[in-house]
Amino acid sequence: MNRKPIRVLQVIGGMHRGGAETMIMNLYRQIDRTKVQFDFAVHTNKKMDYDDEIIRLGGKIYSFPSFSGTNIIEYRRAWKSFFDEHNEYNVVHGHIGSSASIYLKIANNRGCYTIAHSHNTNSISKNLKNIIYPYFAYPTRFIADFFIGCSRMAGVDRFGEKVVSSKDKFAVLNNAIKTEHFVFSKEKRNLMRKELGIDNQLTIGHIGRFNKQKNHMFLLNIFKYISIENPNSVLLLVGDGELRSEIEDKIEQLGLSNNVVLTGVRSDIHDLLQAMDIFLFPSLYEGLPVTLIEAQASGLRCFISDSITNEVQITDLIKSISIDKSPMEWATEVLNNKSYVRYDTSKSIKSSGFDIKETAIWLEKFYLEKSLIKN
């Protein structure tokens, strides 16, 4: 008799093309969906980038109110009502930290096995949202049945050393990729550069949401110095977000309008990486960004901030630079190391555990085992 797949509820903000969301989709595409099916509890009413694909793959999407910290009663009521109507879930995988202590506790009370997942290290920003966040997120470490981090550092920052040190309670789930999609190809590179209107220019690339975390203003200052020393250079910014207008103003202010290409959100990241010569990533904080795994898989030399865990350094292509150094110092590092030969890094990616096939096998087995606990 054919059994229906278990259904795992993934709790997240919204399925746009962000790092965590892309990682989940990579796993969703690869996992055996005759055994494990993903559904999504999102905190938005807007249609997101991956929604159509989720539906095609057999997933369901449920919309919840965004958690503000002041709407606890409404938020808790929404989750209780959801589980009153849906008893098909044995496993709930939470990717939102701020409200995890609420929805995972309710899920536990309804007999679900619960997982809390940390995709980031602690933000150094001191805005109100990030001051309130730890207050609501902290109790999660006493509620969830199991804990996952994109890196050990991301796990410690959110769940504490005691949880992360427990092999029975914590695991690192690598932000894995389909390695063969990213292997460097001169033919793809030439086609993509032609499409983008890039000739023989030195092409600096960045992929990331336009928000404070990604540090675009600092990145633009770095590129300004690069363009002064090497006028035949271009900056490729892939992504979009709430700071787009400020970034556009900064580009104009620095006189870089003819040197910066804004691609918007793209689905062909593997091809865009082929077109780049250097990958620049001066984030203020990160977990373990899948973008840097993809860049290394494409054979790109990467210059990253020292706020990013060294767990991301799986090839010799990563150069870590202090976030406290000036834009001029960053630019000098880039220009002094811009010449290199790109090579196939797929063996390094796979041997380091960042290939999606092995990661999906582990997660599928994990879900099936935990589903039986609560069945």
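Is Thr291 buried or exposed? Thr291 is buried, at a relative accessible area of 12%; buried means under 20%, exposed over 50%, and partly exposed in between, with a 1.4 Å probe and protein chains only. The model is predicted: local features need pLDDT of at least 70, side-chain atom pairs count only at pLDDT 80 or more, and totals for chains, interfaces and linings use all residues. Residues are numbered from 1 along each chain as its sequence is written, and side-chain values use heavy atoms, leaving out hydrogens and water.

**Seven-stranded sheet**
- An open sheet of seven strands runs in the order S3-S2-S1-S4-S5-S6-S7, with parallel pairing. Strands (E, at least two residues) and helices (H or I, at least four) are DSSP runs numbered from the N terminus. Two strands pair if DSSP finds at least two bridges between them.
- Strand S3 (61–63) and strand S7 (170–172) are the edges, each pairing on one side only.
- The twist averages 25° from one strand to the next. Axes are lines fitted to C-alpha atoms, for helices over the stretch in contact, and angles run from 0 to 180 degrees between N-to-C directions.
- Five bridges link strand S1 (residues 6–12) and strand S4 (residues 89–94) in the parallel sense. Leu9 has Val92 in S4 as its bridge partner.
- Helix H3 (residues 72–85) packs on this sheet and touches S1, strand S2 (36–42), S3 and S4. Its direction makes about 170° with that of S1. Contact means heavy atoms within 4.5 Å.
- Helix H6 (residues 152–159) lies across strand S5 (113–118), strand S6 (146–149) and S7, at about 110° to S5.

**Six-stranded sheet**
- The order in this open sheet of six strands is S10-S9-S8-S11-S12-S13, with parallel pairing.
- Its edge strands are S10 (260–264) and S13 (318–321).
- Neighbouring strands are turned by 20° against each other on average, direction ignored.
- Strand S12 (residues 301–305) runs parallel to S13, joined by four bridges. Cys302 stands opposite Ile318 in S13.
- Helix H10 (residues 244–253) lies across strand S9 (233–238) and S10, at about 165° to S10.

**Individual residues**
- Thr291 sits in helix H12 (residues 290–297). Leaving aside residues up to four places away in sequence, Thr291 touches Ile207, Phe279 and Phe281.
- Tyr225 belongs to helix H9 (residues 216–229). Tyr225 counts as partly exposed because its relative accessibility is 33%.
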